[in-house]
Amino acid sequence: MAAPGENLKINADRLWDSLMEMAKIGPGVAGGNNRQTLTDEDGEGRKLFQKWCEEAGLEMGVDEMGTMFATRAGTDPDALPVYVGSHLDTQPTGGKYDGVLGVLGGLEIIRSMNDLGIKTKHPIVVTNWTNEEGTRFAPAMLASGVFAGVHERDWAYERTDAEGKRFGDELERIGWKGDEPVGQRKMKAFFELHIEQGPILEDELVDIGVVTHGQGLWWLQVTLTGKESHTGSTPMPKRRNAGLGMARVTELVHEVAMDHQPNAVGAIGHVEVYPNSRNVIPGKTVFTVDIRSPDEKTLNRMRARIEAGIETICDALDIKFEIEPVGHFAPVTFDEGCVKAIRDAAERLGYSHRDIVSGAGHDACWINKVAPTAMVMCPCVDGLSHNEAEEITKEWAQGGADVLFHAVVETAEIVE
C-alpha cells in the first residue's frame, strides 16, 4: 500500500486548542482535571466530544459499556475499520493529557483528512473507552476489558464506587448507556497515542516512543502478623515486629526488581499498619507488592523469589504471613505490522524515535487480544503523570499525532 507523503501533517494549533477546551470541563484544584468516569463532568466531556465528531461528519455509536465509536466511512463498505483512540476520564487529581491526547489526536486525524480531502478504503473509527483509569470503579481499563472478553458486562455493571454506587446505574444516570452489544465490532487494527507517563523520552531527547510491549504485572496483597506490644518496655529480642517485616520485604522487592533489569520494576504500594500508634510495636501490616516486567518468565521468577523471601524474613522474625494475588495481567507484545507502521512513520517524518516498553496499563493492552494493536508515545515533562502538574509541549503533541496520522491512514489505505 502507498505510504503517505512526509508533508502530510495534522493542524497542531487546532489539536492544542481542543485539548485546552476539553480541560475546562472538570477542572482540578491545581491546574489539571478531575473528570472521573461516569460523573457529570465525564458526561459533559462526552457531549463536547460528540459535538466535535458530528461537526467533522462522523457517525456516533455507543455500546452497552458507554464506549463511544465515531466513524468516518471508507470507500469500501465491507472493509474492516481502523480504530484509533484512548480515554477521556481522568484521575481525581489528573492531568490534561493522559488519555485525552489519544482521543483528540484521533479526532484531529479526521479533521485533517477532511481539510486535505483524503479518502481511505477502510473506515476510521475514533474511540473513547469508558473507565480506563479505574479510580472510581475498579479495575482499570474496564470497558476495553469487557470488549476483549476479559470481563463480563454484568460483572462490570456491579462494580461500586466508594459511596456504593453501581457502575451500571451511574452509566444510565449520565445518559451514556448505549444499546450496541459490547465486543461485536471487528477491527483491522487499533492504534493508541499516549503520553509516556515516564521520563525516558524526555531524558534522552527523543521525540517518539514506538511501543513494542506492555508490562505484565502481579499485585500481591501481603498480611504479616506479629504481636502488638509496648515500644518502650518490650526488649528487642522479644519483639515480633510486623512493621520490621514489612520494611524488610520492601527492601526485598526493590532488590529483586534491580536484579532483573532492564525494564522490570517493583515497589510496595498501599500500606496499612495496625494499630498505627506511636508507642505500639505493629502487630499487623497489610500491604501490596506491585511487580512488572514485559517478559512473563521474568515476572513469574520475580514473584517466586519474593514469596520465598517473605517466608525467610518471617521465619527470622517469628511472625506469620499470608500472600494473596489480587491483580494480574500477562505481558503484551504488540503487533509487528502495526509497530512497523509507527516506526516507519516516525522515520518518514524525520522524528527521532526509540522502541519503548509501556510501564502502565492502557486500553490497547486489552484490545491487543482481539485485534492487531500498537501504541505511539510522546514525552511528558519530568515523566510526571497522574498529577495535576502533568505537562507536555505543543510540539510533542504534534509529533505524536503526526506519527499516529501516518500510521492510521497508511493502514486504512489512502484512495488516490
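**A walk through the model**

Met 141 sits in the loop between β5 (124–128) and α4 (142–147). Helices here are DSSP runs of H or I with at least four residues, strands are runs of E with at least two, and both are numbered from the N terminus. Phi of Met 141 is near 50°, a positive value in a residue other than glycine.

This is a predicted model, in which local features need pLDDT of at least 70 and side-chain atom pairs count only at pLDDT 80 or more, while totals for chains, interfaces and linings use all residues. Residues are numbered from 1 along each chain as its sequence is written, and side-chain values use heavy atoms, with hydrogens and water left out.

Now the domains. The assignment gives domain 1 (12–214 + 331–415) and domain 2 (216–329). Such bounds come from an automatic or database domain assignment. The centres of domain 1 and domain 2, taken over C-alpha atoms, are 35 Å apart. Nine residues of domain 1 are in contact with eight residues of domain 2, where contact means heavy atoms within 4.5 Å.

The size of an interface is often given as the accessible area lost when the parts come together. Between them, domain 1 and domain 2 bury about 630 Å², 73% of it on carbon and sulfur atoms. In domain 1, Pro 331, Val 357 and Trp 366 lose the most area to domain 2, together 62% of what that side buries. Buried area is the accessible area (1.4 Å probe) that two parts lose on being put together, summed over both.

Next, helix α3. Two packed helices are described by the angle between their axes and the distance between the axes. The axes are lines fitted to C-alpha atoms, for helices over the stretch in contact, and angles run from 0 to 180 degrees between N-to-C directions.

Start with α12. Helix α3 (residues 100–116) packs on helix α12 (residues 394–412) at about 60°, with the axes 9 Å apart. The crossing of α3 and α12 is right-handed. A crossing is left-handed if the near helix is turned anticlockwise from the far one by less than a right angle, and right-handed if clockwise. In α3, Leu 101, Gly 105, Gly 106, Ile 109, Ser 112 and Met 113 meet Ala 397, Leu 404, Phe 405, Val 408 and Val 409 of α12. These residues are eight nonpolar, three polar and no charged. Here Ala, Val, Leu, Ile, Met, Phe, Trp, Tyr, Cys and Pro count as nonpolar, Asp, Glu, Lys and Arg as charged, and the others, Gly among them, as polar.

Helix α2 (residues 40–55) packs on α3 at about 15°, with the axes 10 Å apart. That makes α2 roughly parallel to α3. Their crossing is left-handed. Phe 49, Trp 52 and Cys 53 of α2 meet Val 103, Leu 104, Leu 107 and Arg 111 of α3. The contact of α2 with α3 has six nonpolar, no polar and one charged.

Helix α1 (residues 12–23) and α3 pack at about 140°, with their axes 10 Å apart. They are therefore oblique to each other.

Last, two prolines. A cis peptide bond joins Gln 261 and Pro 262, with omega about 0°. Pro 262 lies in the loop between α8 (242–258) and β10 (265–274). Another cis bond joins Tyr 274 and Pro 275, again with omega about 0°. Pro 275 lies in the loop between β10 and β11 (280–281).

Note on methods: Parallel < 35°, antiparallel > 145°, perpendicular 65-115°, else oblique.
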